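Below are some comments for a colleague who is about to work with these coordinates. They are set out as numbered points.

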Amino acid sequence: MFSGAFGAGKTIALCAKGLRLSLDYSGNFGYICRKTRASLKESTLATFFKWVCPKELIADYNKSEGLVTLVNGSVILFGGLDDPLKLGSLGPGGIGWAGIDEAIESVEDDWNMLEGRLRLPGFPHQLFASTNPGPPSHYLYRKFFTEKKGEVYQASSYDNPALPEDYRQRLASFEGVYRDRYVLGLWKGLEGLVYSSFDEKICLIPRFDIDKTWPVYSGHDFGLVNPAALFYAASPGTGDFFAFAEYIPGIKMGYFDHVEAFKGITSGRNVLKRVGGNHQEEGERQAYTAQGWPISEPKHSLDKALQIKMVQGMHRLNKIYVFNDLTNYIREKFSFVTKEDKIVDEAKFHLMSCERYLLSDFTPETVYHGREPVAVGYP
């Protein structure tokens, strides 16, 4: 297992190992996968073709099947652990090797399923993985660190000399468990994390094009120097919220300039509600309203603890999805911790304020469609 932080080259290493096994043993059959097939195309597969496998080594590429045939007769199949038809096509003879990219998304049944297919006659059998670190409760930690059933290679972000200097400087601002896991590459739990019920494996997702008909809601935190805003789209079918844009200008700007930026972010969309500020900040709300961006007072503006509790409830139902390129939001989410019953440096977490101001206006409920429960947020 290669366990590494952001920018440590995990996916390149995984693809290179798979390619080497296929080149060293003609006629080999390998499988490179992620938890979902949809997440494979823009990440692992793109890395394989751009950075790992020279074109002259490829005899054929079946794009629809995700099947790469090398010039020596070896085959590499790309797929998802959520694709039973593809897994069933791994062949009656089994496979020689398999690699799981971002294995923190997988469960132990996925690992065991792949182990059961490592039986291609005449080839060395290997199952390997690349991953960001997670909590010590994860099966990978138990398997590799506690039970020591395989070799572990670890790297922090700083171990990659090719990272740009400005990227390194941004990493230096990360804090808490987010810094431990995604900068230093450490397997750490979520002790003290305020939003410990946020399931990053499920709710931190790749960006997709949000339907223009979906209603949009915005949450706002005020301030002359450090204003912030978060923008969510709500799926009409499920009531799930999708955070698709964050706004932290980082410089002093006027109300008009902020509003123009908000209008640009939401261009062509129907903004149903704008919420922000505490009970004492009515003047700020009126100033934005005067510029054409009416902001209402949060429903529970006098009870911060209740606002946080309500966001926690939505996280427990996996109602809040976040695009994984919202780096400021992610940094705040995994650095928002308590110590001695107080939030550490709370004034620095502007996007967390935006979120609780807005989403505490919604009450997570559970309704049933057929036999499966589906959570829906009602204003």
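1. The protein chain, which is a predicted model, exposes about 17,800 Å², and 53% of this area is supplied by carbon and sulfur atoms. As for the interior, buried residues account for 50% of the 379 residues in the protein chain.

2. On overall dimensions, the radius of gyration of the protein chain is 23 Å, and this agrees with the value near 21 Å that a compact globule of 379 residues would have. Taken along the principal axes, the box filled by the C-alpha atoms is roughly 75 × 45 × 40 Å.

3. In secondary structure, the protein chain holds 13 helices together with 18 strands. When contacts between residues at least 6 apart in sequence are considered, 66% of them join residues that are at least 24 apart.

4. How many disulfides does the count come to? The count is zero, and C15 is in no disulfide, the nearest cysteine sulfur being that of C53, 9.6 Å away. For C53, likewise, the closest cysteine sulfur is in C15, and because the two sulfur atoms are 9.6 Å apart they are too far for a bond, given that a disulfide requires a pair within 2.5 Å.

5. Are these two cysteines buried or exposed? C15 has 0% relative accessibility and therefore counts as buried, while C53, at 4% relative accessibility, also counts as buried, the cut-off being under 20%.

Key. Residues numbered from 1 in each chain as written. Predicted model: local features only at pLDDT ≥ 70, side-chain atom pairs only at ≥ 80, totals over all residues. Heavy atoms only, no water. Buried < 20%, exposed > 50% of the residue type's maximum accessible area, 1.4 Å probe, protein only. Helix = DSSP H or I, 4+ residues; strand = E, 2+ residues; numbered from the N terminus. Rg over C-alpha atoms; globule rule 2.2 N^0.38 Å. Contact = heavy atoms within 4.5 Å. Areas by Shrake-Rupley, 256 points an atom, 1.4 Å probe, with all protein chains shown as cover.
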